[in-house]
Amino acid sequence: MRGSGTLMLSWVLIICLSLVAVQSQYYSETLPYRPRPVKVTNLHFFMHEFTGITAVQVAQVNITSNDNNSSVPFASLVAVNDPLRTGPEPDSELIGNVQGIALLAGMNASSTQYIDFGFNTGKFNGSSLSVFSRGEPGLAIVGGRGRFMMATGVAQFNPILINATNVIIEFNVTVIHY
């Protein structure tokens with residue numbers, strides 16, 4: 001008797017588990033992996049920043065001295081929303097904008113940045129590139145959306161103009177995407 005009760009309980013459990021698996025919708029049939037071809041895109045554009053207008057300091061640590069002799073104090077947080085243009089001229093074609101934050105955390109005014117290059121014209125309209133990197137000459141591309149989904153790569157930059165009110169930076173970007 002005892003063996004048939006255990007056998008019966010086992011069958012009931014198997015039937016219940018099979019019903020749960022059949023009625024659940026949290027999974028789908030696995031499809032074979034077919035990788036898309038890798039694309040490499042080279043971009044060239046200019047970021048135009050206007051201090052106090054498109055780049056604004058939103059936080060700063062309360063320290064009494066600025067030992068790094070920099071125009072931007074250590075431990076400052078800056079929010080940016082800068083236009084991207086095809087050339088260094090202020091009236092060159094507008095192709096998008098860069099939005100994000102920069103944390104000035106180094107004693108030599110170096111920064112760690114999270115920025116997003118958003119494009120709103122041409123072939124890459126609605127696409128963007130996400131950067132999360134230190135402010136060295138090459139910024140790491142860590143993702144994207146639109147035509148740049150799953151992007152990686154590097155954004156090399158070259159400051160063209162830096163003064164008290166304006167910054168113009170040239171970008172040469174190599175993007176690897178699918």
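Read along the sequence, the fold of this predicted model runs α-β-β-β-β-β-β-β-β-β, that is, one helix and nine strands. Helices (H or I, at least four residues) and strands (E, at least two) are DSSP runs, numbered from the N terminus. Residues are numbered from 1 along each chain as its sequence is written. Because the model is predicted, local features need pLDDT of at least 70 and side-chain atom pairs count only at pLDDT 80 or more, while totals for chains, interfaces and linings use all residues; side-chain values use heavy atoms, with hydrogens and water left out.

On the whole-protein level, 33% of the 178 residues are buried (under 20% relative accessible area; exposed means over 50%, partly exposed in between, with a 1.4 Å probe and protein chains only).

Now to the inside. Nonpolar side chains tend to be buried together in soluble globular proteins. Here the largest nonpolar core has 26 residues, a core being a set of buried Ala, Val, Leu, Ile, Met, Phe, Trp, Tyr and Cys residues joined through side-chain atoms within 4.5 Å. Leu43, Phe45, Phe117, Phe119, Leu129, Phe171 and Val173 touch the most other members. Two or more residues each come from strand 1, strand 3 (76-85), strand 4 (94-104), strand 5, strand 6 (128-134), strand 7 (138-145) and strand 9. The largest share, five residues, is that of strand 9.

Aromatic rings come next. Rings of Phe, Tyr and Trp (its six-membered ring) pair if their centres lie within 6.5 Å, with planes under 30 degrees apart counted as stacked, over 60 as edge-to-face and the rest as tilted. By this rule there are seven aromatic pairs. One of them, Phe45 with Phe119, is edge-to-face, at 5.7 Å centre to centre and 70° between the planes. Phe45 sits in strand 1 and Phe119 in strand 5 (residues 111-119), so this pair ties together parts that are 74 residues apart in sequence. Both partners are buried, Phe45 at 1% relative accessibility and Phe119 at 8%. Phe157 and Phe171 make a tilted pair, 6.1 Å centre to centre with 45° between the planes. Since Phe157 belongs to strand 8 (residues 152-162) and Phe171 to strand 9 (residues 166-177), that pair links parts 14 residues apart in sequence. Phe171 is buried too, at 3% relative accessibility. Leaving aside residues up to four places away in sequence, Phe119 touches residues including Leu43, Phe45, Leu84, Ile95, Phe124, Leu129 and Phe148.

Val38, Val40, Met149, Met150, Ile176 and Tyr178 make a surface patch of about 580 Å². Patches are made of residues with over 30% relative accessible area and no salt bridge, with like charges joined within 9 Å and nonpolar side chains (Val, Leu, Ile, Met, Phe, Trp, Tyr) within 5 Å; a salt bridge is a side-chain nitrogen of Lys or Arg within 4 Å of a carboxyl oxygen of Asp or Glu. Val38, in the loop between helix 1 (2-23) and strand 1 (39-50), is exposed at 52% relative accessible area. Met150, in the loop between strand 7 and strand 8, is exposed at 60%. Most residues other than glycine have a negative phi, whereas the phi of Met150 is positive, near 60°.

Terms used. Accessible areas come from the Shrake-Rupley method with a 1.4 Å probe; for residues, only the protein chains shown count as cover. Contact means heavy atoms within 4.5 Å.
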